[in-house]
Amino acid sequence: MNRLRALLSGRELSIVVALVAVVGVTTATNPSFLSAQGIHDLFLNASIIALLAIGQTLLVITRNIDLSVGSVMGLTAYMSGQLFIADHDTPTILVVLAGMALGAACGAFNGALVAIAKVPALVVTLGTLYVFRGIDYGWASATGVHQINADQMSQGFLAFGSGSILGIPHLTLIALAALVIAAYALHNWRSGRELYAIGSNPQAARLAGIPAGKRVFTAFVVSGALVGLAGVLHASYFGTINASVGTGRELAVVAAVVVGGVAIFGGSGTVLGAVLGALLLTTITSALPILGVPAFWQRAVDGAALLLAISLDRAVMVRLAERLRKERSLRRA
């Protein structure tokens with residue numbers, strides 16, 4: 001009961017309310033929006049962003065960020081296609097593992113620069129955003145394969161991305177599994193709880209004996225692996241890949257995380273909130289054309305949502321700090 005009360009009083013409830021409102025208004029305009037096929041497509045579109053948001057949450061909790069997620073996603077998606085060009089019968093599980101390994105390697109590179117070299121994550125990942133994208137374009141130019149189409153990939157791989165179990169898309173089931181595992185780890189594992197301590201007060205966490213560098217590095221690796229998985233799933237679902245896949249996704253991912261209640265200043269938030277944020281923004285993006293809003297406003301909506309969420313978090317922090325100062329003054333008096 002206490003957990004339910006905490007959930008209903010948190011940011012997650014406001015996201016659910018906003019989600020219901022958006023769905024209600026859109027369905028009133030176009031009833032097919034809430035049809036079985038419409039819901040199926042909505043969950044499919046949200047699943048990849050949700051995977052990216054889960055990994056990003058682990059980093060934002062520790063006061064870090066990864067702006068290279070779109071480039072890593074594009075690189076792993078392109079690698080998936082290249083594996084089938086090399087061998088059309090490449091097993092799907094091998095492609096998935098290879099994509100996660102490449103994503104983890106990219107995450108390890110970012111994590112090493114942040115945790116070991118002590119370079120700010122914003123600077124590191126802004127640089128690797130262009131480095132990884134450049135590798136992607138360079139790979140495409142070197143091989144002369146600028147676009148990989150569905151007929152160049154195995155039918156089993158494509159069926160994996162578009163298939164479902166009991167009407168639930170494979171991609172959604174994978175995102176839900178990642179959500180459950182990440183939520184359990186953050187809540188029950190000592191290493192997961194230490195991420196919150198690092199984000200709340202990095203200096204105090206180090207004085208308490210928490211291996212902050214190791215935890216941050218691991219968070220980057222895990223996030224990278226999830227990004228790699230998202231890239232493979234993108235290739236499997238859409239079936240057409242080029243070097244520009246994932247461009248601009250970093251804004252949508254950060255917006256989903258912050259809208260979901262994960263404090264950009266670190267130390268608080270849940271992966272459930274981040275996934276709900278991804279679902280809300282995806283729903284809004286899908287609803288805009290139905291409501292007659294031009295497509296170029298979709299990116300503006302992500303940016304506006306990000307600014308609003310950061311402003312709200314900042315206001316809450318200022319109010320909380322003021323309350324703590326008053327309580328300390330009363331105790332001294």
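These questions and answers concern loop residues and aromatic pairs in a predicted model.

Me: Why is K118 called exposed?
Reply: The relative accessibility of K118 is 54%. Exposed means over 50%, so K118 counts as exposed. K118 sits in the loop between α5 (92-116) and α6 (121-143), and its phi is positive, about 65°, although K118 is not a glycine.

Me: What makes R63 partly exposed?
Reply: R63 has a relative accessible area of 44%. Partly exposed lies between under 20% for buried and over 50% for exposed, so R63 is partly exposed. R63 belongs to the loop between α3 (36-60) and α4 (69-86); R63 too is not a glycine and has a positive phi, of about 70°.

Me: How many aromatic pairs does a search of the whole structure find?
Reply: Four. One of them is Y78 with W139, at 5.4 Å centre to centre and 75° between the planes.

Me: Why is the pair of Y78 and W139 called edge-to-face?
Reply: Ring centres must lie within 6.5 Å to pair, and planes over 60 degrees apart count as edge-to-face. With 5.4 Å and 75°, Y78 and W139 therefore form an edge-to-face pair.

Me: Why does the pair of Y78 and W139 tie together parts apart in sequence?
Reply: Y78 lies in helix α4 and W139 in helix α6, so the parts tied together are 61 residues apart in sequence.

Me: How do you know whether Y78 and W139 are buried or partly exposed?
Reply: Buried means under 20%. Y78, at 0% relative accessible area, is therefore buried, whereas W139, at 28%, is partly exposed.

Methods: Residues numbered from 1 in each chain as written. Predicted model: local features only at pLDDT ≥ 70, side-chain atom pairs only at ≥ 80, totals over all residues. Heavy atoms only, no water. Helix = DSSP H or I, 4+ residues; strand = E, 2+ residues; numbered from the N terminus. Buried < 20%, exposed > 50% of the residue type's maximum accessible area, 1.4 Å probe, protein only. Phe/Tyr/Trp six-rings, centres within 6.5 Å; stacked < 30°, edge-to-face > 60°.
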